[in-house]
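Student: I have just opened this structure, and I would like to learn how to read its features. Could we go through them one at a time?

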Amino acid sequence: MEPAEIASIAQHSGGAIGVAWLMIALPLVGAAVLLLGGRRTDKFGHLLGVLMAVASFVVGALVFVQLLGFAPGERRRGVTLFEFIPGLVDNVGLLVDPLSISFCLLITGVGSLIHIYSIGYMAHDPARRRFFAYLNLFVAAMLLLVLADNYLILFVGWEGVGLASYLLIGFWQHKPSAATAAKKAFIVNRVGDVGLLIAMFTIFATFHSLTFSGVLDRTGDASQGTLTAIGLLLLVGACGKSAQLPLQAWLLDAMEGPTPVSALIHAATMVTAGVYLIVRSGPIFEGTGTAQLVVTIVGVATLLAGAIIGTAKDDIKKALAGSTMSQIGYMVLAAGVGPAGYAFAIAHLITHGFFKANLFLGAGSVMHAMNDEVDMRKYGGLRTVMPITFATFLIGYLAIIGFPLLSGYFTKDGIIETAMEHSAVLGWLAVLGAGITGFYMSRLVFMTFFGKKRWDAKAHPHESPAVMTWPLILLSIGSIGLGAFLILGNRFMIFLSPAVGAPAHSPAFNPFSVPGLATLALVAVGAVFAWMRYGAAEVPATAPRGSFLTTFARRDLYGDALNEALFMRPGQWLTRLAVFFDNRGVDGLVNGLAAFIGGTSGRVRRIQTGFVRSYALSIFVGAAVLVGAWFVVGNL
Amino acid sequence: MGESITFWVLAVVSVTAALGLVFSRRAVYSALMLGVVMISLAVLYAVQDAPFLAVVQIIVYTGAVMMLFLFVLMLVGVDSSDSLVETIKGQRFWAIVAGIGFAVLLGLGIGNVLLTAPKGLAGVTAAGNVPSLAEQIFTRHVFAFEVTSALLITAALGAMVLAHRERTESKPTQKQLSRARFLAFGKTGKNPAPLPGPGTYARHNSIDMPALLPDGAVSPLSVNRIIARHEAIEGTIDPEIARILQEEALAEQQAADTRPTKPLDDELGDTEPLADTEPLVEEDAK
Amino acid sequence: MTTHYLVLSALLFAIGGVGVLVRRNAIVVFMCVELMLNACNLAFVTFARQNGSLDGQVIAFFVMIVAAAEVVIGLAIIVTIFRTRRSASVDDASLLKH
């Protein structure tokens, strides 16, 4: 296969692609109707939300089919919408290409399933309509992010995602922990946004344009240093959204939101935005080895950190959140490798979207059955009472640990192989990460579904309703087959190449490579170890104190403590200093001035004796001085 | 030469009088000193070819204005004398410094200006000083002159408004006054009869002599207090009258009457009852 | 000779000014003001002769008229104040400081 250049963008206005904006508009209208309609829409609100999400998916599917009808080199279609800010972006338009449409299908497809699932999950929540409004808003913002053809509109979607995530994580805002978590997510995201904003400023200053076509085709014009700066700043933005080190702190707390939200954030939207940004800005990163190196280091560090955190968490959702961090780390690692890794990054992103949504929704189903209990130490032996949830969860589990022939096996293996080609150290660290994944995911499954029943007498676990299990079944089908479909024969790489370019030589899938086998072996070791500790052995109801390492992992690798020490405390000191300065300095100056004038006035006032003779004296002295002045001047 | 002598004499007189005006304790003396200054100036005007102004100065200032001053002094209290102790800190010192500074500077300024010999008014007063001045006033300055008439009328009206006092209750009739006198007699034993005229039953029909009562005793009521004071100072007072007055003063002190007693004209004394020991024109009128 | 008249005028004016500042009796203060006006008049008359023009005398005449009007009003005010405050001292009327 030839090393393909990124294809140029053809303007398009017909067919489904011409109305691609409907993908964004439909959920947006849904959100607007549900939010503005108020309680009148309570009765059908959830149905409208699902309808809009599914309709958006249908439009996406039609666009995808139409796109497949073009020759591979013509599969980048621009849709101009309206003029906006001449000189900055000139025209607001959508870019429909293999990359964006892949995201669209993932977002709307998995998003629709999560919508449907939420009907059942949120059935008893009085604010269900509002929940669906936010879900629709989330999907619309994410679609705007991936469909934008310039950084400015991408940023609008980017902020929209931040807003929607804030609203959804803090959906149960009556819980202080949820409100705090929402704020934390919002603020940490703002840190990333600052990076993205400065990146945009730099891009505009360098290329005088913010459109993808105006920037990415001309990366050769910029100096190496500029590109590195832009790349690192974009990486900061990506870290914020994708919960990569060092901006990972918000992700674990984001579990305070309802479980479908976690699924949406972790699987289909939000955290994938960072990967999208890196892949979309590929030419910038390819122009600078330094930025790429940093991206890969961040990816590997995060994938290990997430995995380690996952091993120690007893909260089922937080364990899954750690796994998300870890898997996104894989994607970022692949994205940092360059064109060779893009396809694997996106493919893993898509399969991860399916099995992670599967796992989260499965976890939600378990929690639903267990009266919202999240502590895995109080589960145990659930496989018999929740057979469908167990079966689908098991498929998701096998997919994520890379069990042969399931989705995760192909995509993760691809990433490891690519990383190994790029740098042996990164590759082996990725292999190690996969082994840890095998351990903590097995631990999760064994503690939840195997072993003895440890739940309270009050809990009456039961299988979830069909509206919740069907999405699980559909997602597990994706978890099984999608990886093989995308990777075998480099199908996805070829599809994606017009958008992101292709590597010099296309990799052949080799099931018996050394890293692949090593991965499998390590995963098996991890799983067996987990079985010994959590499957066969008794699981204590309260967590044992554990070693220093366990505490380290339980505390999220002291990420929060680090943030507090590095930013929060100095920030508070700075605030106190500012308050002190304001009270003493600014107020002191103002009050002092006022007191000075008041005091002086009080003293000057005494000149006003009220005695007319005093006034007359001053007049007379003035007259004498005038005469003197006249005398002096006259003699000059 | 004659002018020089006149000037020097009058200059010394007027400056001395002006200083006297400023530094005399009694207002009446000040007024008289002012009169001296004004007359001196009138003469200086006459010397300087301004006979009309000299006459006007005499008539208007020395005649009308000075009389007005003296009249007001009479109203306010002719024998009141100012304390010359300064109450405002530094006022006197700075006033004198400023005054001397002013005079010196102005004098130096004037002395520095080289003046030619005066042109004299012979050229412009060919028809005589008064007709020439009249011509000026009624031709060139006629508007200003008319305005001054308005000013004077306004001033007259203003003075009337300021001096006028609304009576808030009807004037007491003779009957009411008489009743009040006898009520006072009932309460305090104060004699309701009119005061005796001076010199009644006396050998001298003079105002400085006390009246004698039918029993030959001296009537203290008939003694003019101001004259008695003068006589006490001069030592010519009748010892009997002095004794009576002393007794009266003691009685007054014992009565502990703390009300301020200022010599007041009836026109001004609106609140204070008049001391009945003083001879009153009003009583006689009744 | 003119200079002598003018110096005399200045001297009288300064004495009048000091009197205004030093004396407390309102009537005496008023007299001092009159003295100052008279000093001015002397200067006017002197300049009239110096410059050979009657204007100075005309102005002196007007000054006299104004002074007369001023005395009328001023004394009426003094009488009014005396009537209410029982005092002719200018220091007693010092309410303006409050």
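Student: Which residues touch the most other members of the largest nonpolar core?

Tutor: A nonpolar core is a set of buried Ala, Val, Leu, Ile, Met, Phe, Trp, Tyr and Cys residues joined through side-chain atoms within 4.5 Å, where buried means under 20% relative accessible area with a 1.4 Å probe, protein chains only. In this predicted model, the largest such core has 195 residues, and A:Tyr151 and A:Trp250 touch the most other members. A second, separate core of 64 residues includes B:Ala31 and C:Leu35.

Student: What is the area buried between chain B and chain A?

Tutor: The size of an interface is often given as the accessible area lost when the parts come together. Summed over both parts and taken with a 1.4 Å probe, this area is about 1200 Å² for chain B and chain A, and carbon and sulfur atoms give 76% of that area. On the chain B side, B:Ile88, B:Phe102 and B:Leu105 lose the most area to chain A, together 41% of what that side buries.

Student: How many salt bridges are there between chain B and chain A?

Tutor: A salt bridge needs a side-chain nitrogen of Lys or Arg within 4 Å of a carboxyl oxygen of Asp or Glu, and the count between these two chains is zero.

Tutor: Residues are numbered from 1 along each chain as its sequence is written, and chains are lettered from A in the order in which they are written. Local features need pLDDT of at least 70, side-chain atom pairs count only at pLDDT 80 or more, and totals for chains, interfaces and linings use all residues, while side-chain values use heavy atoms, leaving out hydrogens and water.

Definitions and conventions: Buried area is the accessible area (1.4 Å probe) that two parts lose on being put together, summed over both. Buried means under 20% relative accessible area, exposed over 50%, partly exposed in between (1.4 Å probe, protein chains only).
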